[in-house]
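Look over the model first.

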Amino acid sequence: MRRKTILLEQSSIRDILEAQRQFFATGKTKNVDFRIEQLKRLKQAVSDYQEQITAAVKADLNRPKFEAYFELSFLTEISDTIKKLKSWTKPKKVDTPIEQFPAGAKIYPEPLGVVLIISPWNYPFQLAISPLLGAIAAGNCAIVKPSEIATNTSKVVADLIAHTFEPAYVAAITGGVEISQQLLTEKFDYIFFTGGTRVGKIVIEAAAKNMTPVTLELGGKSPCIVESDIQLEYTAKRITWGKFINAGQTCVAPDYLLVNQAVKSDLLEKIKQYIYEFYGENPASSPDYCRIINEQQFSRLTDLLKDGKIVVGGESQPGDRYIAPTVIEGISWDSPIMQEEIFGPILPVLEYSDLSEAIALVNSRPKPLALYFFSINKDNQRRVLRETSSGNVCINDTVVQFAVTSLPFGGVGNSGIGSYHGKASFNTFSHYKSVLNKGLWFDLSIRYAPYKNKVNLIKKVIFK
Ligand code: NAD
């Protein structure tokens, strides 16, 4: 196994890519039993590596063990995919119009070839390996480029892949931006990118040069609208949880609160109470509170603390990159904190008096990845769904929609292109090939020249 890793380090990106192309061309990955076997290997490997994974995310983000296991939550998705893969890979018969008679039409899912997966640092294991499960299920070869910023987890990802798969089938290539840029100059059959919108634009531009299709799983400012008719306890508890797990470094964390002024002070009081309940008087000494990934992010975030009036938190310690769970009010839409995705444990609070105002404010900004709406009123729930656009929505909770694998997960507009999870992952990494198979025992002659007086006939077919 060590030998394999050394070989991989010595090979150039192009060598690996070429080896994968050749392996794909053998047709081995098209065999569904082969794919199931590989998914089982992946599942076993993740289970075998759980100590290394949880230790690595602890080292990278001070992630408590409980939250570290979020990184492995896609294991249930592997089991489900193994169970359903045979049915997903079967060609699906579809209707054919009578004028095509005799004919049969079917849609065949087929693998795309060699795919590239580029992942970010915030859930550094899950976001590298969970797309890979879709790529394997759909019968592709894959190169995974984990984030260089989560140094420890990146090593575990590379090690797990090197010990589980032949590099000619699945390989991890570690390295920084230069490696990512080098990979992007190559021709892949698909690129699956998770990261920020800025880099997403670079990826799609590079992909366009090779006509490579992409999925872009991006971020943005996900609003959390809180109406006056709420169940106060659970609302406060669920917002506090979703905002401060992983110290706010979650792509679907509520970015800011947009709260009806009638409940604002009660809600903020409760959020404050739950911060104390979850992390104690001094969250810096809580075993359950994460740290900021690096100094660059730490300094970006501490700059944002200068805005508005602090309701709770606000403390920071550069030594261990600690920023307290913080809630800030007195923020305007022009404040620096409202100009970029926060991606840290700072929750700005804005208020509104009428739901129409909140909807208009959300709609005046780029389409977010997630939108949260707290209200027990069904009409208002329907209204928000109808009148706003976002990658996904969760009503009366935060973040947990990510874990429902029957819901395709992805953004819209600036928050991304495409989706994955469950069957959506299989779809993403497949090409659905349309096949029409015509019978030869009968031939409808209307389409052939001379057309003479067939115009009425074609009109009948078209306007039927
Ligand atoms: P990032 O865009 O900086 O980096 C992501 C990957 O891109 C890394 O592997 C990095 O090496 C590579 N990269 C960086 N700069 C590059 C360049 N100039 N050219 C080519 N490749 C480059 O993102 P990040 O900081 O690691 O992650 C945070 C962002 O990711 C946030 O915006 C967050 O919302 C988003 N995110 C989205 C999801 C989702 O599922 N939609 C999940 C997690 C994070």
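How far from an oxygen atom of the ligand does a backbone N or O atom of Gly195 lie? The distance is 3.2 Å. The model is predicted: local features need pLDDT of at least 70, side-chain atom pairs count only at pLDDT 80 or more, and totals for chains, interfaces and linings use all residues. Residues are numbered from 1 along each chain as its sequence is written, and side-chain values use heavy atoms, without hydrogens and water.

**Ligand site**

Around the ligand are 27 residues (a heavy atom within 4 Å). Lys145, Glu148, Ser180, Leu218 and Glu341 come nearest. The table lists polar contacts, here pairs of N or O atoms within 3.5 Å.

| Residue | Atom in the residue | Distance to a ligand oxygen atom |
|---|---|---|
| Trp121 | polar side-chain atom | 2.9 Å |
| Gly195 | backbone N or O atom | 3.2 Å |
| Gly196 | polar backbone atom | 2.8 Å |

**Domain interface**

The domain assignment, automatic or from a database, gives domain 1 (10-218 + 417-432) and domain 2 (223-406). Their C-alpha centres lie 31 Å apart. Contact (heavy atoms within 4.5 Å) takes 19 residues from domain 1 and 19 residues from domain 2.

Technical notes. A polar contact is a pair of N or O atoms within 3.5 Å; within protein, one must be able to donate a hydrogen and the other to accept it, and residues adjacent in sequence count only if both atoms are side-chain atoms.
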